[in-house]
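Hello,

Here is the structure you were waiting for. My notes on it follow below.

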Amino acid sequence: MKNPKFTFFKSFKKPHFGLLVKICFTLVIIISAIIGMFGELQYEFTAARVKKDLKETSGLIADRLAVSLPLQLMDTNRVVLRDTLLAELQDPKVIGIVVWEPSHRKAIYGMAVDMNGVIRISYSGPADENAVKAERTIFYKPPGEGTTATRLGTVETFVSSSGMKAQLRDVLLGIVAQGLVLDFIIVFIIVMIFRTRLIRPLTKIVQTMQKIQQLQSGNQQESKNNTGTTPPALTLEAALGSISKDSLQDLIQEKSLAFEEIKILGQRFYQMIEAIIAGQKKLQESEELFRQISSSAYDAIVMVSDNGSISFWNTAAEKIFGLSATEASGKNFSALIATGIAFSANGTPSNSLSTHGAGQTTEVEALRKDGSHFYGEASLASAVVKDRLYTIVILRDVTEKKKAADELLQTKKYLANVIDSMPSLLVGMDPQGRITEFNIQAEKKTGLNRHEARGRRFVEVFPTLANQIDKVMTALRERKPQKIEKFSTQKDGETVYSDVMIYPLVADGVDGAVIRLDDVTMRVRLEKMMVQTEKMMSVGGLAAGMAHEINNPLGAILQGSQNILRRISPELPKNVEVASECKIDISNLQEYLRKREIITFLEGIQDAGKRAAAIIENMLQFSRRSDSKLVASDLKMALDRTVQLACSDYDLKKKYDFRRIEITREYADDVPLVPCVISEIEQVLLNLMRNAAQAMAGNPGQQQPERITLRLRRENSMVRIEVEDNGPGMSDAVMKHLFEPFFTTKEVGVGTGLGLSVSYFIITDSHKGMMWGESAPGKGAKFIIQLPVEVKAT
Amino acid sequence: MTNQVPIRVLVIDDEDSIRIGLAAFLDDEGFTTMQAGTAEDALKLLETNTADAAIVDIRLPGMDGEHFIMEANRRWPGIKFLVHTGSCEYSMAPELKKAGVTEKLFFRKPIADMSLLSKTIRELVTDKNK
């Protein structure tokens, strides 16, 4: 494809002198016209002069004839006349003479030169119409003064104008020759001037231009061949520089440049060339700069034309996409983008520019040559080049960054997960005691989310730990972990135990502490219960062994006393028989035994034995396995039935009116059926209610109306029953022995001290549940039973 | 009652006072009783005597009550067995159930009223005779 601008220069390659010809032609015409005009004037002038001369000549001849002719006319002989005329006609100028009568009606004599130059008699003058005629009147005046002249006739002389014509032709020829010579000289001079002063410098300029053009086209070719890795611009610049410096300078300096305009033109041209060189240099520099920038850029720089095809593709793009510039050139760019930039039908990004705006980055998933995906961050800009809209995409491969960020995020999530998965409450704080980290357990405990908690003071969020802040400070100061074990707080009337660990952060640049708070209430409770259970089990085992050992002698006592009573009775025939054998009246014996109260004593033995048997029976419950199967039962019903039972309990009625006690029931709705031996559970509940009633009745300082609160709710895999009273409560000393057999606070004879221990065994051993009490003096007592919803086979 | 053949009951218990007491009561109730302090003695006794029922203590020196019941039941299937034990941890072995010992025939020491025992034996043996 040829650049049209170069065709202009091409026309100068073989300069045609159109202008010169035109100038010469015009000049020749002008000069010719001027010379013609002058020639015409000269011609006219010459013609007039010659005509006048001829007329004068003709007049002179006529004058002469007019003077000479009267004599000849007077002579009747016409020979003299003829000779006179002939003589006159010898003059080659004179071509005709006619002599007329005075009336001018009739010629007297006439002679003329014919076409062939022969003198003939002619009265009408010569054939040549252009002959110059002169007419004179012929007078005759006799000599003497005072005589009158007589007219004799008129004479006409004709002088040939042919001589004048020749003269005029010579004049004309002279004029033409003059003009031609002038034209030639002028044309020659112009051509010479053009040649030396105009064409040559112009040709030089043209040559320079051609040289520039050649260099430029060569440069283009070169730059096409190697895709801009080496800068060929240097050679162009150098070449151009040499041209301008040498030849153009000469051109201007040349003295031959006489024309000021050409000089100016040359100077301008030189300035232009210099400007071009400077521009070119600048262009090359900026091109070089651009090339350097685009090729050294870490980011892919892609220019997408309005039809979506790639028109520029830098080195980084080659690397990132794995696609060389030649491969990428003309390819549809949207084919390389999986997500991130949506290209509309005409190839322009439909979303990004409009929605994100130029300069903002957008996340892109792009495709490499091998089809693998990578992540990029693209910023888009639009540019209009030669009326075409281009989209400039600057894309950075952020796969690694994204991977790292993803990993970081993953790690962060993982760590957060780890922290949140821990059952412990974890709180991070800075040296000023402000919260920096807050896990899910902490959120649960405080009801604050981590964002709310961050920045707040630790003691403000955990006021219960305010008095432990010294330990925190110690940990921070000494950089040693501090531990607060079984730190007790009250929550909803229950004692909650926590282990608090304060770990100072010793990592570089991080100051502060992590506080770990574990709710160890359950552990503390379990520990207590373990101790309790251990104790109870040993007691249980002891009781069981004891019971067996006692049962035999007790059996002997009971059976013996029964046998004795039977064998002193008169109702048994054998007794009567044996008595008579012994000569004893059985009735008398009976009478004697009654009077001596022996029977009463025996009955006393029996009662005591029975009572001992009952105690042993109770004791045996510690370890006796219930053969009864656990049946899924409704504990609400069990509670209600126990309340009824308590109301009608004879023992209770005797001393305490159970109906006087206010019973509050707080049953949750979602309590499932619990596998249990309902009668045993009822026995336990009755025991607890009876204890509560007795404690409240025996409390002289009972202020509030007596109340028993029964609660029932589900707690995870357990059902929790609470029996709470507002009685006098129990001291720690009492609490320690709560479930021990034979431990009682009741008056001697009122309680056996077995009620709670039996209850304990029923719950923990038979039902695999848990039972504990919570109380403090003056704060009432609460017994908690937890029964598993599902009993695992043991 | 006197017209009837007395029911023969073997009482086995290593505790003399218990054994004698039970036997005395049953004697008074019109049963014919035999006594043995050990299972081995009881087996010997049964080789020469017939019994309708036996009251067996479980914890015995030498052969224990369970083995005695199984042995005796094998050799003399007609005998009815009652268990009389002081152990609170004891639960009946399934073999005893095979020998016809039901929950009803299980007595725990101490028996406060022995009339329940005599009544049970009578019903048990009468049922058998029927």
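Helices (H or I, at least four residues) and strands (E, at least two) are DSSP runs, numbered from the N terminus. Chain B holds five helices and five strands, and along the sequence they follow the pattern β-α-β-α-β-α-β-α-β-α.

This is a predicted model: local features need pLDDT of at least 70, side-chain atom pairs count only at pLDDT 80 or more, and totals for chains, interfaces and linings use all residues. Residues are numbered from 1 along each chain as its sequence is written, chains are lettered from A and ligands numbered from 1 in the order in which they are written, and side-chain values use heavy atoms, with hydrogens and water left out.

Chain B has 130 residues, of which 52% are buried (under 20% relative accessible area; exposed is over 50%, partly exposed in between; 1.4 Å probe, protein chains only). Of its contacts (heavy atoms within 4.5 Å) between residues at least 6 apart in sequence, 65% join residues at least 24 apart.

Helix H1 of chain B covers residues 16–28. Its 13 residues reach 18 Å from first C-alpha to last, close to the 18 Å expected at 1.5 Å a residue (1.5 Å times one less than the number of residues). Buried residues in H1(B) include B:Ile18, B:Leu22, B:Phe25 and B:Leu26. Just after H1(B), B:Gly30 has a positive phi of about 100 degrees.

In chain A, A:Ile193 lies in helix H4 (residues 162–225). A:Ile193 is partly exposed, because its relative accessible area is 32%.

Regards
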